[in-house]
Amino acid sequence: MERITLNQAMENHLRAIHEALETNEWATTSECARRLGISSASVTAMSKKLSRLKLVKYVPYHGVQLTKLGEKSALEIVRHHRLLELYLSEALGIPWDRVHDEAEKLEHVLSEELEERISKSLGDPTQDPHGAPIPARDGTIDHVEYRALSSVEPGETVTLLRVDDRVPEFLRYLGSMNLYPGTVMKVITVEPLGGLLALRVCDKEIVLGSQAAGMIRVTAAAKAEQRQ
Ligand SMILES: [Zn+2]
């Protein structure tokens, strides 16, 4: 994919906006500030800058949406990020809780040639280690419907599809319980008022807090599985 020349801060911003828009119609200033670990004032200044470059549509009090051009640039940096995460994990054996931080640095300097070689060597993968879709080289991306695990009713069997990749402690914790994308689990009980959630995975019972369950995205399993 070709892209216009952007600096590192702009690329980080576009990726944060893209990820915020995966679950919301608008990427709000506060959400971007949280994702990027910077002040709301800095986010607003950057949103105005990206708006002048026609990469985003900025509406005060709503936040931003990506323009076609902005989406193209965002998907390019998202592709770099997610391919790098998978490469670091698969080829170099780096644990899944450490690949995000490394990919954040490398995504900005990855050449088109290296991107292509990494993609080929991994068999043109479509998912990163955390279950997030990797944009294809033509700039398209799979749109997957997810539910937060925290919204699943007791008795339902679901498959873990994707986890939030930004908190290493959380990923280490999930890894220690073998909760990776593809894991099938049954929700046994949910405490009222957003409390603890008890799951059965294989023959083990696992208890998660509501915040952790909110960072795990799942889909409903096939109906036949739910009846078992
Ligand atoms: Zn990541």
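**Domains and salt bridges**

Colleague: How many salt bridges are there between domain 1 and domain 2?

Modeller: The count between domain 1 and domain 2 is two, where a salt bridge is a side-chain nitrogen of Lys or Arg within 4 Å of a carboxyl oxygen of Asp or Glu. Please note that this is a predicted model, in which local features need pLDDT of at least 70 and side-chain atom pairs count only at pLDDT 80 or more, while totals for chains, interfaces and linings use all residues. Residues are numbered from 1 along each chain as its sequence is written, and side-chain values use heavy atoms, with hydrogens and water left out.

Colleague: Where does each domain run?

Modeller: Domain 1 covers 1-143 and domain 2 covers 147-227, with bounds from an automatic or database domain assignment. Their C-alpha centres are 26 Å apart. To the contact (heavy atoms within 4.5 Å), domain 1 contributes 15 residues and domain 2 contributes 14 residues.

Colleague: What area do the two domains bury between them?

Modeller: About 1200 Å² is buried between domain 1 and domain 2, with 51% of it on carbon and sulfur atoms. This is the accessible area (1.4 Å probe) that the two parts lose on being put together, summed over both.

Colleague: Which residues of domain 1 supply 50% of the area it buries there?

Modeller: They are Trp96, Asp97 and His130, which give more than any other three residues. Asp97 also has a salt bridge, in which its side chain meets that of Arg172 at 2.9 Å, N to O.

Colleague: How many residue pairs are in polar contact across that interface?

Modeller: The rule finds five, with both residues at pLDDT 80 or more. A polar contact is a pair of N or O atoms within 3.5 Å; within protein, one must be able to donate a hydrogen and the other to accept it, and residues adjacent in sequence count only if both atoms are side-chain atoms.

Colleague: And which elements give two or more residues to the side of domain 1 that touches domain 2?

Modeller: These are α2 (29-36) and α4 (68-90). The most comes from α4, with three residues. Sorted by class, that side of domain 1 has four nonpolar, five polar and six charged residues. Here Ala, Val, Leu, Ile, Met, Phe, Trp, Tyr, Cys and Pro count as nonpolar, Asp, Glu, Lys and Arg as charged, and the others, Gly among them, as polar. Helices (H or I, at least four residues) and strands (E, at least two) are DSSP runs, numbered from the N terminus.

Colleague: Back to salt bridges: what does the count come to by this rule?

Modeller: It comes to 18 salt bridges. One of them joins Glu104 to Arg15, with the closest N and O atoms 2.6 Å apart. That pair links distant parts of the chain, since Glu104 is in helix α5 (residues 99-106) and Arg15 is in helix α1 (residues 8-21), 89 residues apart.

Colleague: Is Arg15 buried or exposed?

Modeller: Arg15 is buried, at a relative accessible area of 4%, whereas Glu104 is partly exposed at 31%. Buried means under 20% relative accessible area, exposed over 50%, and partly exposed in between (1.4 Å probe, protein chains only).

Colleague: What links Glu31 and Arg34?

Modeller: Their side chains meet in a salt bridge at 3.2 Å, N to O. Both residues lie in helix α2, three residues apart, about one turn of the helix. Glu31 is buried at 18% relative accessibility, but Arg34 is exposed at 53%. Both belong to a network of salt bridges whose members include Arg15, Glu19, Arg82, Glu104 and Arg162.

Colleague: Which residue does Arg137 pair with?

Modeller: Arg137 forms a salt bridge with Asp124, the closest N and O atoms being 2.8 Å apart. Both are in the loop between α6 (112-121) and β3 (147-148), so the pair ties together parts that are 13 residues apart in sequence.

Colleague: A change of topic: where is Gln65?

Modeller: Gln65 is in strand β2 (residues 63-66). Its side chain reaches the backbone oxygen of Glu25 at 3.1 Å. Beyond neighbours within four places in sequence, the contacts of Gln65 include Leu21, Trp26 and Leu55.

Colleague: Lastly, what is phi for Lys54?

Modeller: Lys54 has a positive phi of about 65 degrees although it is not a glycine. It lies in the loop between α3 (40-52) and β1 (56-59) and is exposed at 61%. Tyr61, in the loop between β1 and β2, has a positive phi near 75 degrees and is exposed at 88% relative accessibility.
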